[in-house]
Structure formats: structure tokens, C-alpha cells
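Student: I have a model open and want to learn how to read it. Where do we begin?

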Amino acid sequence: MASEYEVYDLLYALVRLLKPKVILETGTYKGGATKAMAKAAKENGMGFLWTCDTDAKKLTEAAEFAGVVNSDGIWWGADLCTGLELCSKAENVDLAFIDSSGDRVAEVAALNLAPGGVVVLHDSKRPQYEPIKLLRPWKAIWEVDTIQGLAIFQS
Ligand SMILES: C[S@@+](CC[C@H](N)C(=O)[O-])C[C@H]1O[C@@H](n2cnc3c(N)ncnc32)[C@H](O)[C@@H]1O
């Protein structure tokens with residue numbers, strides 16, 4: 001399922017504000033968040049987004065949808081792999097959007113965050129994601145009280 005349009009707006013704004021060099025998304029789906037973050041990276045003139053999904057068809061759809069941002073540069077890439085695999089191999093992640101249907105707790109635990117790196121967790125009201133709060137001594141946690149919940153952690 002796609003995230004809310006307002007979440008895409010928020011992700012766009014965070015990328016514009018934080019100017020991350022390394023951006024990561026788990027769970028590409030149809031590329032809504034991918035497009036928003038890649039557009040912001042393009043407008044920043046810096047940063048690269050890695051996204052992943054285990055469903056190859058979704059990655060094709062996302063490439064069609066978000067491809068427009070690549071017209072004069074490449075600002076994102078996609079991997080057919082699990083979120084856990086992507087989180088384990090990416091280094092110095094400045095901004096991560098955790099939104100796969102896999103094990104999101106394991107994904108956040110595996111992240112190699114840059115100092116001050118930010119994690120945006122979708123659906124944070126689900127009780128199974130509660131352990132994420134205790135994974136590390138976060139500098140800040142902002143729990144946004146939306147219907148599904150959205151939590152923003154800074155390391
Ligand atoms: C909630 S949707 C992602 C929505 C998308 N981020 C957006 O904002 O529009 C979850 C996606 O995770 C994918 N998925 C399922 N298991 C996965 C895993 N272990 N790792 C990565 N992606 C996975 C599904 O195929 C689905 O496309």
C-alpha cells in the first residue's frame with residue numbers, strides 16, 4: 001500500500017532541509033516516496049537515493065513513475081533485494097525511510113547511520129515496531145500522531 005501523499009510531502013521537505021548525501025528507502029512499491037525524495041535530491045543538486053523491493057514488478061512500475069526525475073541526471077537507483085539486505089550494505093546513511101513489508105525492526109537495527117542520521121518510520125503505531133525506540137540512544141524521537149503513525153528518529 002502506498003503512503004499518504006502528505007508523507008511524500010514531508011519526505012520531500014526533509015531531503016530539501018537536511019541535504020542528505022545518502023538516502024535509503026525500504027519498500028519501493030509504486031515509487032511515490034522514491035519520486036518525492038529523488039526530486040528533492042535533484043533540486044538540492046546532491047545526494048543519491050537507494051530504494052529496494054522484493055517484487056520486481058513493483059520496481060518496474062516505480063521506474064516508470066519516478067523516472068522523470070532522471071531526465072538530466074541520475075538521482076536514484078533500485079535493488080531487487082530485501083530491506084534488511086539494503087540496510088546492511090549501505091554506509092553512512094543520512095536519511096532512511098523504513099516502509100517495507102519485511103522486518104522493519106531488523107532493518108533499523110542493521111542501518112549504518114551517519115552521525116546525526118535521520119530515520120523515518122512509517123506505520124509507527126504498530127506495536128511490533130515499539131522496540132525500535134530502544135535500539136540505540138536516539139538524540140531525538142518525534143512521534144507524529146497520524147492515523148497510521150509516523151516516527152522520526154535522529155541518531
Ligand atoms: C507499504 S509498501 C511501500 C510503500 C512505498 N514506500 C510508498 O511510500 O509508496 C511495502 C512494499 O514492501 C515490499 N516488500 C515486501 N517484503 C519486503 C522486504 N522484505 N524488503 C523490502 N521490500 C519488501 C512490498 O512488495 C511492497 O511493495
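Tutor: Begin at the ligand. H2 and strand S2 (48-53) each supply at least two residues of the shell around the ligand. Helices (H or I, at least four residues) and strands (E, at least two) are DSSP runs, numbered from the N terminus. This is a predicted model: local features need pLDDT of at least 70, side-chain atom pairs count only at pLDDT 80 or more, and totals for chains, interfaces and linings use all residues. Residues are numbered from 1 along each chain as its sequence is written.

Student: Which residues come nearest to the ligand?

Tutor: A residue is near a molecule or strand if its C-beta atom, placed from the backbone, lies within 6 Å of it. Of the 19 residues around the ligand, Ser3, Gly27, Tyr29, Ser100 and Gly102 come nearest.

Student: How does the shell around the ligand divide by class?

Tutor: Ala, Val, Leu, Ile, Met, Phe, Trp, Tyr, Cys and Pro count as nonpolar; Asp, Glu, Lys and Arg are charged; the others, Gly among them, are polar. The shell has five nonpolar, ten polar and four charged residues.

Student: What describes two packed helices?

Tutor: The angle between their axes and the distance between the axes. Axes are lines fitted to C-alpha atoms, for helices over the stretch in contact, and angles run from 0 to 180 degrees between N-to-C directions. Here the axes of H1 (residues 5-18) and H2 (residues 32-44) come within 8 Å and cross at roughly 25°. H1 and H2 are therefore roughly parallel to each other. Angles under 35 degrees count as roughly parallel, over 145 as roughly antiparallel, 65 to 115 as roughly perpendicular and the rest as oblique.

Student: Which residues make the contact of H1 with H2?

Tutor: Contact requires C-beta atoms, placed from the backbone, within 7 Å. H1 gives Tyr8, Leu11, Tyr12, Val15 and Arg16. From H2 come several residues, among them Gly32, Ala33, Ala36 and Met37. The contact of H1 with H2 has nine nonpolar, two polar and three charged residues.

Student: At what angle do H2 and H3 cross?

Tutor: The axes of H2 and H3 (residues 56-66) cross at roughly 40° and come within 9 Å. That makes H2 oblique to H3. Thr34, Lys35 and Ala38 in H2 meet Ala62, Phe65 and Ala66 in H3.

Student: How many helices and strands are in the protein?

Tutor: The protein has five helices and seven strands. Along the sequence, the pattern is α-β-α-β-α-β-α-β-α-β-β-β.

Conventions: Two residues are in contact if their C-beta atoms, placed from the backbone, lie within 7 Å.
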